[in-house]
Amino acid sequence: MSAPGPRVWDVPTRAFHWSLVLLVAAQYASGEFGWPSMEWHYRCGYATLALLVFRVLWGFAGSQTSRFGDFLRGPRAVLRYLVALRRGEAPRAAGHNPLGGWSVVAMLASIALQAASGLFASDDISEDGPLVARVSAATVALMTRVHAWNRYVLLALIVLHLGAIAAYALRGTNLVAPMWTGRAREGAAPPLRFAPAWLALVLGVLAAGAVWALVAWGEAG
Ligand code: HEM
Ligand code: HEM
């Protein structure tokens, strides 16, 4: 086995990713099939929302490879990367590559839309999101439609995500191991800045508190 390479992903970002995978799977299981129950759809939904709020905060205050400002590049950089990729000459990125960066934002936006619309969704029988009582019937109808349609958009983005990871693997680049261990397999990364764990903890508690307060306010209505 080769020696572990440089650290690229911090613990909070990795914990965020693998928790998100479990929670989104739970959301499809409970939303589509009622398994184990809609009760769990709400619980895991709130956890998903808290994770997202945390990830957005971490995108501004977290470690270098997790910051939006670090991995969101302009159209020219994306185009240059695509051309290099076609030629098989794409440079290894320490973090998200210029194309992957935008797919991350698309996935985060779609999950945010799904979770936010769920707060106002209703099946008009027994299931009401916690903020339904706070808005008009027209808003509930719109949000229910968004929640029903965006689930396919999100599913398509996840399929693309897994397809891209498989395509890189076929070309000899394993992206999954770094997202699991935090370390790149090979190569030297430029010196990267990592944010302290206590900051992740503070932001995580803030995110969970904000979601809890919002749901409590909705349910008191
Ligand atoms: C419900 C399914 C999934 C969702 C919603 C999802 C979402 C995401 C998101 C939001 C990121 C960006 C991470 C960040 O910077 O915060 C990401 C990155 C990543 N995900 Fe997933 N993911 C899913 C499933 C998976 C699975 C099953 C794998 C492994 C087979 C995987 C492997 C990766 C890898 C390797 C990266 C880093 C890509 C890079 O190097 O730029 N994901 N994913
Ligand atoms: C990533 C997050 C989420 C995913 C993937 C998801 C997925 C789904 C799916 C697939 C359904 C079934 C839709 C249908 O049969 O038309 C559903 C229904 C529902 N979800 Fe979510 N959901 C998420 C988050 C949330 C959240 C945060 C809430 C509220 C706290 C919520 C509340 C509801 C409600 C009330 C329904 C029933 C309304 C209906 O049948 O149209 N969901 N969800």
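**Reading the terms**

Mentor: Keep in mind that this is a predicted model. The shell around ligand 2 divides into ten nonpolar, eleven polar and five charged residues.

Trainee: Which residues come nearest to ligand 2, and how many are around it?

Mentor: There are 26 residues around ligand 2, and Gln27, Gly31, Gly45, Gly118 and Asp123 come nearest. Gly is among the residues that count as polar, while Asp counts as charged. Helices α1 (11–33), α2 (38–61), α5 (98–119) and α6 (137–170) each supply at least two residues of this shell.

Trainee: What makes up the shell around ligand 1, by class?

Mentor: That shell has 13 nonpolar, six polar and one charged residues. Val24, His96, Gly100, Leu175 and Met179 come nearest, out of 20 residues around ligand 1. Val, Leu and Met belong to the nonpolar class.

Trainee: Which helix gives the largest share of the shell around ligand 1?

Mentor: It is α1, with seven residues. At least two residues each come from α1, α5, α6 and α7 (176–181).

Trainee: How do you know that the span of α4 is close to the expected one?

Mentor: The expected span is 1.5 Å times one less than the number of residues. For the twelve residues of α4 the expected value is 16 Å, and the helix reaches 17 Å from its first C-alpha to its last. After α4 comes Gly88, whose phi is positive, near 75 degrees.

Trainee: How many helices and strands does the whole chain have?

Mentor: The protein chain has eight helices and zero strands. Its C-alpha atoms fill a box of roughly 55 × 40 × 35 Å along the principal axes.

Trainee: What makes a residue buried, and what percentage of the chain is buried?

Mentor: A buried residue has 20 or more other C-beta atoms within 10 Å of its own. Such residues make up 26% of the 221 residues in the protein chain.

Technical notes:
Residues are numbered from 1 along each chain as its sequence is written. Chains are lettered from A and ligands numbered from 1 in the order in which they are written. This is a predicted model: local features need pLDDT of at least 70, side-chain atom pairs count only at pLDDT 80 or more; totals for chains, interfaces and linings use all residues. A residue is near a molecule or strand if its C-beta atom, placed from the backbone, lies within 6 Å of it. Helices (H or I, at least four residues) and strands (E, at least two) are DSSP runs, numbered from the N terminus. A residue is buried if 20 or more other C-beta atoms lie within 10 Å of its own, exposed if 12 or fewer, and partly exposed in between; C-beta atoms are placed from the backbone.
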